[in-house]
Amino acid sequence: MTTASRTARERVRAELIKEITDIARRHLSTEGAAGLSLRAVAREMGMVSSAIYRYFPTKDDLLTALIIDAYNAIGDAVEQADAGCARDDFTGRWLAMARSIREWALAHPHEYALIHGTPVPGYQAPADTVDPASRDGVMFGRLIADAHAAGAITLPQDTRAPVGFHDDAEVLREAIFVGVPDEVILRGLHAWTWMYGAVSFELFGMYNNVISERAATFEHGALSLAHYIGLT
């Protein structure tokens with residue numbers, strides 16, 4: 001009986017947390033992250049302000065939950081995109097990952113802005129955001145490592161990474177680019193940076209009155225970067 005009661009309470013708590021975060025996500029679209037208010041969320045729920053603090057003691061706790069959810073949503077999108085490709089279709093896997101991030105960002109612009117836009121004043125992300133934030137990058141690193149192990153990456157003979165990059169490459173090699181040489185890691189970082197930069201340019205209005213065929217432009221860039229990485 002005690003276990004059943006606890007399970008019921010846990011289920012109710014989970015449902016309330018979901019309702020709080022769903023409402024908070026809607027508020028992001030009108031108030032922005034800086035204007036997010038626990039009191040406003042509680043008011044929309046018909047809950048007294050003191051009650052919501054049992055679930056999220058501070059606004060930063062609520063922001064952290066939203067940030068983790070957003071990172072995990074991108075991670076899910078990238079993992080699903082990669083899973084839909086043949087393991088030896090390395091260019092296809094890269095393009096699928098890049099498309100999945102752009103599509104998610106366009107469908108969830110305010111959540112994307114929360115994690116890749118202007119930092120929220122005074123907010124310091126805690127350590128438990130690190131793993132969710134790394135999920136998409138880990139998948140990309142795995143793709144590059146798979147392609148390198150299969151002999152499917154070819155770079156010009158004179159390609160060399162700067163000597164000063166070696167220590168950074170060692171850290172990245174240990175974390176996600178297992179067995180990948182410095183010059184391939186560096187080009188992979190360039191490609192990953194371009195991809196997120198292109199998504200941000202589109203989402204934050206930098207392409208307004210400049211680029212009309214945005215999907216085609218993104219696709220061309222992503223394919224060009226596949227060649228730059230050396231995928232064959």
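Phe 140 is in contact (heavy atoms within 4.5 Å) with Trp 94, Met 97, Phe 177, Gly 188, Trp 192 and Ile 229, leaving aside its neighbours within four places in sequence. Phe 140 also stands out in the largest nonpolar core, where Trp 94, Phe 140 and Met 195 touch the most other members. This is a predicted model, in which local features need pLDDT of at least 70, side-chain atom pairs count only at pLDDT 80 or more, and totals for chains, interfaces and linings use all residues. Residues are numbered from 1 along each chain as its sequence is written, and side-chain values use heavy atoms, with hydrogens and water left out.

**Overall build**

- The protein chain holds 10 helices and zero strands. Helices (H or I, at least four residues) and strands (E, at least two) are DSSP runs, numbered from the N terminus.
- Read from the N terminus on, the elements run α-α-α-α-α-α-α-α-α-α.
- The C-alpha trace spans about 65 × 50 × 35 Å along its principal axes.
- Of the 232 residues, 44% count as buried. Buried means under 20% relative accessible area, exposed means over 50%, and partly exposed lies in between (1.4 Å probe, protein chains only).
- Take the contacts with a separation of 6 or more: residues 24 or more positions apart account for 71% of them.

- The largest nonpolar core has 67 residues. Such a core is a set of buried Ala, Val, Leu, Ile, Met, Phe, Trp, Tyr and Cys residues joined through side-chain atoms within 4.5 Å.
- In soluble globular proteins, nonpolar side chains tend to be buried together.
- Helix α5 covers residues 90–107. Of its 18 residues, 14 are buried, so α5 is largely enclosed by the rest of the structure.
- The length of α5 agrees with expectation: its 18 residues should span 26 Å at 1.5 Å a residue, and its end C-alpha atoms are 26 Å apart. The expected span is 1.5 Å times one less than the number of residues.

**Aromatic rings**

- The structure holds eight aromatic pairs. Rings of Phe, Tyr and Trp (its six-membered ring) pair if their centres lie within 6.5 Å; planes under 30 degrees apart count as stacked, over 60 as edge-to-face and the rest as tilted.
- One of the pairs joins Tyr 112 and Phe 204. It is tilted, at 6.0 Å centre to centre with 45 degrees between the planes.
- This pair links distant parts of the chain, 92 residues apart. Tyr 112 sits in helix α6 (residues 109–116), while Phe 204 is in the loop between α9 (182–203) and α10 (214–229).
- Tyr 112 is buried, with a relative accessible area of 0%. Phe 204 is partly exposed, at 34%.
- Both belong to one aromatic cluster, formed by Trp 94, Tyr 112, Phe 140, Phe 177, Trp 192, Tyr 196 and Phe 204.

**Arginines**

- Arg 102 lies over the face of Phe 218, at 5.8 Å from the ring centre. A charge sits over a ring if NZ of Lys or CZ of Arg is within 6 Å of the ring centre and within 35 degrees of the ring normal.
- Arg 187 lies over the face of Tyr 228, at 4.4 Å from the ring centre.
- Arg 135 is found in helix α7 (residues 130–149). Arg 135 is buried, with a relative accessible area of 19%.
- The side chain of Arg 135 makes a polar contact with the side chain of Glu 79, at 3.0 Å. A polar contact is a pair of N or O atoms within 3.5 Å; within protein, one must be able to donate a hydrogen and the other to accept it, and residues adjacent in sequence count only if both atoms are side-chain atoms.
- Not counting residues up to four places away in sequence, Arg 135 touches Asn 72, Gly 75, Asp 76 and Glu 79.

- Cys 85 is placed in the loop between α4 (59–83) and α5. Cys 85 counts as buried, at 17% relative accessibility.
- Beyond residues up to four places away in sequence, Cys 85 touches Gly 92, Arg 93 and Ala 96.
- Asn 209 lies in the loop between α9 and α10. Asn 209 has a positive phi of about 65 degrees although it is not a glycine. Asn 209 is exposed, with a relative accessible area of 86%.
- Ser 224 lies in helix α10. A polar atom of its side chain is 2.9 Å from the backbone oxygen of His 220.
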